[in-house]
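Here is a set of questions and answers about how some structural labels are assigned. Each answer sets a value against a cut-off and then concludes.

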Amino acid sequence: WDGELPFPDNGSTTKQQVDPNPALAESIAKPVDRAVKQAITPAARSLAQKRSIDISQIEPKNKTRITVEDIQTYMAQQTGWPGSRFLPVGDLIVHYLDIGNGLPLVLLHGLGASCSAWQPNLFFLADQFRVLAPDLPGAGLSDKPVTDYTLEFYVNFLGEFLDYLSIERCILLGNSLGGEIAAAFAHKLPGKVLGLILEDSAGLGREVAADLRPAVVNSVDKAGIRNLLELLFHDPQYIYPGTIQEMFNLRQQPGALAALKSAVENLFTEDGQKADISGQLAELSLPSLVIWGEQDRITPLSHGIKASKLLAHGELSVYENCGHCPHIEAAERFNQEVKNFIEKLKLY
């Protein structure tokens with residue numbers, strides 16, 4: 001972001017202002033200088049090698065030896081993002097944004113995206129809440145392990161992520177795959193979730209756009225990424241060159257494409273979505289808000305309507321002239337509606 005916010009912090013946004021900086025997705029390319037004689041812990045050296053970081057650039061916090069925390073701090077500084085953090089979650093190093101103070105609000109992005117998808121929302125919401133936006137494993141700047149990227153894998157990750165941050169209870173807001181993860185987590189551990197916001201959520205029915213699966217798998221070059229984004233947005237003006245470049249850069253990271261393909265294989269069949277967890281919503285008693293783009297071409301509006309009826313305390317808000325990502329196409333309304341919903345919970 002070159003040290004400046006790409007959009008105003010008053011909740012308003014313009015098409016030009018949310019165009020992300022492609023430099024965000026670029027990692028340090030220098031090889032580890034083995035001639036450096038600085039003291040470094042074995043774990044820190046392993047992380048530096050894994051992330052191709054030149055340890056001669058690291059200034060140890062305790063001035064005696066380089067630790068994993070020093071490496072993580074350096075990695076966060078290189079992203080250029082305000083609130084950028086790296087955290088060890090189990091065996092993974094996870095990138096996330098941590099901005100603001102107050103009630104924790106966790107934002108979960110969709111398949112093939114990253115935490116940068118929340119650019120139009122972060123600072124407005126962080127004015128009153130502690131906003132946490134992780135790059136899910138296999139995406140963004142987080143580790144991309146060789147594993148099965150199943151719904152269970154993502155739900156378990158979310159639990160570990162919250163535990164590592166010592167967050168006992170939070171609001172969950174998820175778009176697409178992020179919504180499915182949020183709903184499944186709330187069903188598994190309802191005591192940790194104060195409120196649930198589902199935005200054009202996956203997993204609420206078998207139906208899904210027939211061309212979504214090939215579009216995700218083929219989003220390896222800029223043309224393929226553009227085709228995928230054309231499915232996401234009702235208004236093609238929201239398909240920025242910067243977004244395409246950033247997604248392309250992220251796709252070049254080791255393990256990125258394998259992780260994406262694994263997620264597709266584990267979340268979809270040739271006939272549609274593999275899981276329909278909508279029945280679990282009827283067992284949730286927590287306050288919930290369902291937001292849906294009326295022109296969503298990926299997950300039908302009928303899924304959102306059904307979800308709002310199944311939820312004991314569910315509200316439905318339909319966004320006209322919006323596709324799969326109202327948080328981008330109608331950011332100002334989305335931000336205010338999320339804020340109003342959380343304020344009604346009277347939790348603080």
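Q: Why is Cys-322 called buried?
A: Cys-322 has a relative accessible area of 2%. Buried means under 20% relative accessible area, exposed over 50%, and partly exposed in between, with a 1.4 Å probe and protein chains only. Cys-322 is therefore buried.

Q: What kind of model do these values come from, and what is counted?
A: This is a predicted model, in which local features need pLDDT of at least 70, side-chain atom pairs count only at pLDDT 80 or more, and totals for chains, interfaces and linings use all residues. Residues are numbered from 1 along each chain as its sequence is written, and side-chain values use heavy atoms, with hydrogens and water left out.

Q: Is Cys-325 buried or exposed?
A: Its relative accessibility is 6%, so Cys-325 counts as buried.

Q: Why does Asp-143 count as buried?
A: Asp-143 has 5% relative accessibility, and therefore counts as buried. This residue is in the loop between strand E4 (130-134) and helix H4 (151-164). Helices (H or I, at least four residues) and strands (E, at least two) are DSSP runs, numbered from the N terminus.

Q: Which residues does Asp-143 touch, not counting those up to four places away in sequence?
A: They are Lys-50, Arg-51, Asp-91, Leu-92, Ile-93, Pro-137 and Gly-138. Contact means heavy atoms within 4.5 Å.

Q: What makes strand E9 largely enclosed by the rest of the structure?
A: Six of the six residues of E9 (residues 288-293) are buried, so the strand is largely enclosed. Ser-288, Val-290 and Trp-292 point one way, while Leu-289, Ile-291 and Gly-293 point the other way.

Q: How many bridges join E9 to strand E10?
A: Six bridges join E9 to E10 (residues 314-319), and the two run parallel. Two strands pair if DSSP finds at least two bridges between them. Trp-292 stands opposite Val-318 in E10.

Q: Which strand pairs with E9 over four bridges?
A: Strand E6 (residues 193-199) does, in the parallel sense. Leu-198 stands opposite Val-290 in E9.
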